[in-house]
Amino acid sequence: MSTLYDVAVIGAGPGGYVAAIRAAQHGLKVACIDDYAGPQGEPSPGGTCLNVGCIPSKALLQSSELYHALQHEGAAHGISVSGATLDVPAMMARKNAIVTRLTQGIRLLFERNRIAFFHGCATPLRCLDGIWQLSLSQHQASQTLQARHVVLAMGSRPRALPGVTVDNVTILDNAGALALTSCPARLGVIGAGVIGLELGSVWQRLGAQVTLLEMADTFLPALEKRLASEVRKALTASGLTMEFGVTLERVEKRGKTLVLHWQQSEQAQQTTVDKLIVAVGRVPNSDRLDIEALGITKDARGGIAVDELCRTGQPGLWAIGDLVRGPMLAHKAMHEGIQVADAIAGQPVAPVDLSAIPSVIYTDPEVAWVGVTQALAGVKKGSAPFGGNGRALALGRDTGRCTLYVQEQTDRLVGAAIVGPQASELINEVTMAMAFQASAEDLSLTMHAHPTLSEVLHEAALAADKRAIHG
Ligand code: FAD
Ligand code: NAI
């Protein structure tokens, strides 16, 4: 007779591992099944985020920033550095060590929380008398697991581009682009979205000539035009070439190189590159489920349809993270993991506010936003530049600004867009202020330590009431 679990979580990405730990904290008997394999075939919980997403990309962004700073930023400080050299395998080893530390840390957390972790592939089959039956395949053997609740946290994978086959040697997806062992001289990127911009920046700073080909006409549509064009200008000045309104016709292999054939404004163009990253979005892993047999449905994006509490409509069957609606972000997946575990434990839970999820692009300058980011009717703005901020000047990072969006009638903060240093950290202050329904005045009455970058937010709050001190 197999063990009966209270909760079986399929997938140990940020959604799944957090759901499993939270459920165990509630005293529930939990199993978590994940099939991700590390370089030696070893279990590597953490999903896309830890293995081939958030964490390795930020590790490489940091290394490439340091390399770039050593070469280009010392002089302004009166420091000269010569002979900076690049050892990409060593850079990758550092990145891999960070990944391993975190993925193996999850295994320790599982042990500490008495979570049964299975390295293999799980499929929910059916529900019999309120008990879900799951098949578990491990090393060519299979067994059945039983659980009262199943949390589907199976994540997403790169969207394929018809006619362009990723081999992770010359044509790369995110995993390949995070594992190159040398810097290509010429790098093409299809898609100027989040991955294209972040990984394009990494390899551009390390010395590649990077060309991003983007289908859309607009850049960073989440931001107001003026702010988006500030970012575009800064990234172009740093050396990224970006082409918009592009139709990729075909990718031709010519010896060791690739020739990209593309059209723009009906003009045929060609770009020769040594490597190509394809980053045209991600698709939920819902095709790994028998949707019909489970009695659940897909949403418009091809993910699992769920309500505001991540319920699939089938009792005891939940779905979270990239597999369901909303932005494909790790913190959103983690938040849903906690929400679902709490709901299973019978705790009161509030729906995730999908309109108040912070987003960040870790370029230089960083770009971050939350909530309303356009000047809608009834919404006023307060904006302040980093150019007048002492800390930003000391850091040598004075490009960009903080813009707060404020409801005219109530003075409530409804959103923010930040372009500049540590935008990724600063956005959390606004997200928290919004969660507490703070007004712009609340922010302006809060003392901010000096000199800090967050003083720009304080100044933007004052500007919303036309009382900026330094503006
Ligand atoms: P995933 O992390 O995809 O995990 C799902 C896990 O389930 C995987 O391990 C998968 O192998 C496993 N699985 C699937 N099916 C089965 C099955 N049947 N049986 C067993 N296991 C199964 N987000 C951010 O918020 N910040 C960032 O900076 C950021 N950077 C990113 C950079 C890159 C290059 C990429 C690609 C993504 C990035 N993301 C970032 C997005 C983030 O990685 C995802 O939103 C997040 O990982 C989704 O978490 P998840 O738990 O839903 O799924
Ligand atoms: P994306 O949706 O951010 O960008 C894809 C881009 O490709 C879009 O601009 C789209 O217009 C373009 N595109 C689509 N088809 C195209 C074609 N045929 N030719 C040219 N351009 C085309 O997706 P991306 O960059 O793949 O990232 C996937 C997701 O991963 C993100 O949406 C985000 O949720 C997550 N992510 C988050 C990060 C973060 O939080 N910092 C970092 C990286 C990824």
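This is a predicted model: local features need pLDDT of at least 70, side-chain atom pairs count only at pLDDT 80 or more; totals for chains, interfaces and linings use all residues.
Local features are given at pLDDT of at least 70 and side-chain atom pairs at pLDDT 80 or more, while totals for chains, interfaces and linings use all residues. Side-chain values use heavy atoms, without hydrogens and water, and residues are numbered from 1 along each chain as its sequence is written.

We may start with the ligand. Around ligand 1 there are 37 residues, of which D34, D35, T48, K58 and D322 come nearest (a residue is near if one of its heavy atoms lies within 4 Å). An N or O atom in the side chain of D35 is 2.6 Å from a ligand oxygen atom, and this counts as a polar contact, a pair of N or O atoms within 3.5 Å. The backbone takes part as well: a polar backbone atom of M328 is 3.2 Å from an oxygen atom of ligand 1, and for a backbone N or O atom of A330 the distance to a ligand oxygen is 2.8 Å. Of the 1000 Å² of accessible area that ligand 1 has on its own, the protein covers 94% (Shrake-Rupley method, 1.4 Å probe).

Turning to the domains, the assignment gives domain 1 (4-157 + 283-352), domain 2 (171-280) and domain 3 (356-463); such bounds come from an automatic or database assignment. The C-alpha centres of domains 1 and 2 lie 28 Å apart. At their interface, 18 residues of domain 1 are in contact with 15 residues of domain 2, where contact means heavy atoms within 4.5 Å.

Terms used
Chains are lettered from A and ligands numbered from 1 in the order in which they are written. A polar contact is a pair of N or O atoms within 3.5 Å; within protein, one must be able to donate a hydrogen and the other to accept it, and residues adjacent in sequence count only if both atoms are side-chain atoms.
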